[in-house]
Amino acid sequence: MSITAKNLPKEEYFYGHKACAGCGGSLAVRNALKVLGKNAVAVLPAGCMSAVGFNFPQLCFSNNAIISTFAGTASMLTGVEAGLRAKGLTDFTAVGFAGDGGTADIGIQALSGAIDRGDNILYICYDNEAYMNTGIQKSGLTPFGAKTTTTPAGQNIRGNIRPKKNMFEIAAAHDITYAATATVGYMTDFLNKVEKASKIQGTKYIHVIAPCPTGWGVPVSDTVEIAREIVDCGLWYLAEYENGKFTLNRDPEHFTDVSAYLKKQGRFKHLTDADIKLITESRDEKWRRIRNSWVCDG
Amino acid sequence: MKPYLREKRQFGFDDIPESTAFEAGYLVSVNSGWRSIRPVVNAQKCVGCGQCYFYCPDGVLSMENGKAKIDYDFCKGCGICAKLCKPNAIRMEAER
């Protein structure tokens with residue numbers, strides 16, 4: 001049965017946390033834990049969600065949760081899963097919530113190892129497109145043109161000069177059991193992917209876009225709208241990888257205006273028309289490849 | 001079904017756990033002081049669709065008798081609920 005606002009379990013497992021108002025990451029963690037239930041064991045590396053969740057003596061997780069080393073989210077998940085299995089437990093989910101830096105830069109080796117071993121874990125990357133917890137530094141998942149404190153916008157170089165690392169397809173290239181992309185803007189899609197992943201035996205990777213109003217330079221009330229717009233304008237896609245096949249869940253006939261999406265955000269304010277043209281062209285090129293080789297079901 | 005707020009008390013060395021483990025769902029402080037504006041539900045307009053509850057990053061909205069209810073102890077006043085509310089049943093008002 002599909003998960004909607006009506007039948008989402010009422011229990012709150014991530015409550016009273018100290019995330020900024022309008023935080024997309026905490027929205028992803030809160031709702032994913034509601035789907036997974038009280039037997040989910042959450043592993044969180046250094047990052048926003050561990051910084052806002054564990055403030056002794058306040059513990060905002062009502063399920064079991066533990067902080068891992070920055071690089072070791074996936075290896076700690078392996079240990080948690082093996083330990084609980086050794087104790088004879090079967091009804092649990094070992095779930096990791098790592099940010100984009102903790103996934104694509106610092107934790108990629110441990111994640112790659114866990115996928116290679118085929119460990120029965122669920123790894124959720126909440127992607128806010130920079131190291132937001134430490135004050136907005138560029139990560140491997142920061143998109144082209146975005147201004148961060150380590151990629152400032154000047155006269156010669158306007159923000160990040162490198163494109164976003166393609167983490168979803170990197171996970172898929174391991175021939176992972178299940179991988180998916182999502183956004184907190186389309187919550188039903190995200191939560192149904194979490195539920196589907198929790199029932200699959202093997203390594204699961206879900207990459208969810210979670211806007212950060214502080215780092216993106218948008219009003220705190222716009223988190224959900226901007227998380228929808230990134231998909232509507234084609235700069236992000238909702239897709240799944242399973243049994244060696246890529247499936248596109250949503251194939252919009254028309255994209256909304258890329259420059260409208262970019263200009264809403266403080267981190268892209270400095271971009272010139274030529275930069276935006278470059279971003280639009282790379283979007284079109286990406287979608288041409290997607291439509292040529294992936295299966296479309298939406 | 002939320003964790004409850006506990007009475008804040010001083011921790012002595014004897015109370016601090018020997019390992020780094022601590023009790024889950026243990027809340028001692030509220031977040032309400034973060035707010036400059038607060039959402040107010042108009043029960044007559046609320047149709048109980050639950051979108052505010054679905055998209056609240058803090059989980060402070062719940063549905064009671066088919067209407068939205070807000071836990072002001074933990075609401076940070078981001079205004080996502082008011083923005084998503086199709087029947088305009090949630091309004092942001094200045095915090096006094």
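Colleague: Where is the place of A:Pro57 in chain A?

Modeller: A:Pro57 sits in the loop between strand E2 (54-55) and strand E3 (58-59) of chain A. Keep in mind that this is a predicted model.

Colleague: What makes the peptide bond from A:Phe56 to A:Pro57 cis?

Modeller: Look at omega. For the bond from A:Phe56 to A:Pro57, omega is near 0 degrees, and the bond is cis.

Colleague: Next, A:Met49. Which helix is A:Met49 found in?

Modeller: A:Met49 belongs to helix H2 of chain A, residues 48-53.

Colleague: Why does A:Met49 count as buried?

Modeller: Count the C-beta neighbours. A:Met49 has 30 of them inside 10 Å. A residue is buried at 20 or more. A:Met49 therefore counts as buried.

Colleague: Which residues is A:Met49 in contact with, leaving aside neighbours within four places in sequence?

Modeller: A:Met49 touches A:Gly25, A:Ser26, A:Val29, A:Leu44 and A:Phe97. Take A:Gly25. It is 24 residues from A:Met49 along the chain, yet their C-alpha atoms are separated by 7.2 Å.

Colleague: On to the loop between strand E6 (122-127) and helix H6 (167-173) of chain A. What is the phi of A:Glu129?

Modeller: A:Glu129 is found in that loop. Its phi is positive, about 70 degrees, although A:Glu129 is not a glycine. A:Ile136 lies in the loop between E6 and H6 too. The phi of A:Ile136 is positive, about 65 degrees, and A:Ile136 is not a glycine either.

Colleague: How do you know that A:Glu129 is buried?

Modeller: The cut-off is 20 or more other C-beta atoms within 10 Å. A:Glu129 has 27, so A:Glu129 is buried.

Colleague: And why does A:Ile136 count as buried?

Modeller: A:Ile136 has 24 C-beta neighbours inside 10 Å, so A:Ile136 counts as buried.

Colleague: Now helix H7 of chain A. How do you know what H7(A) should span?

Modeller: H7(A) has twelve residues, 187-198. The expected span is 1.5 Å times one less than the number of residues. That gives 16 Å for H7(A). The end C-alpha atoms are 16 Å apart, so the two values agree.

Colleague: Which residues of H7(A) are buried?

Modeller: They are A:Met187, A:Asp189, A:Phe190, A:Leu191, A:Lys193, A:Val194 and A:Ala197.

Colleague: What covers the buried residues of H7(A)?

Modeller: The cover includes helix H1 (24-36) and strands E6 (122-127), E7 (178-183) and E8 (204-209) of chain A. Helix H1 (51-55) of chain B is also included.

Colleague: Which residues make the contact of H1(A) with H7(A)?

Modeller: H1(A) brings A:Asn31, A:Ala32, A:Val35 and A:Leu36. H7(A) brings A:Met187, A:Leu191, A:Val194, A:Glu195 and A:Ser198. By class, six are nonpolar, two polar and one charged.

Colleague: Finally, the two chains. How many residues of chain B are in contact with chain A?

Modeller: 30 residues of chain B are in contact with 31 residues of chain A. H1(B) gives the largest share of chain B's side, four residues. That side has 18 nonpolar, eight polar and four charged residues.

Note on methods. Residues are numbered from 1 along each chain as its sequence is written. Chains are lettered from A and ligands numbered from 1 in the order in which they are written. This is a predicted model: local features need pLDDT of at least 70, side-chain atom pairs count only at pLDDT 80 or more; totals for chains, interfaces and linings use all residues. Helices (H or I, at least four residues) and strands (E, at least two) are DSSP runs, numbered from the N terminus. A residue is buried if 20 or more other C-beta atoms lie within 10 Å of its own, exposed if 12 or fewer, and partly exposed in between; C-beta atoms are placed from the backbone. Two residues are in contact if their C-beta atoms, placed from the backbone, lie within 7 Å. Ala, Val, Leu, Ile, Met, Phe, Trp, Tyr, Cys and Pro count as nonpolar, Asp, Glu, Lys and Arg as charged, and the others, Gly among them, as polar.
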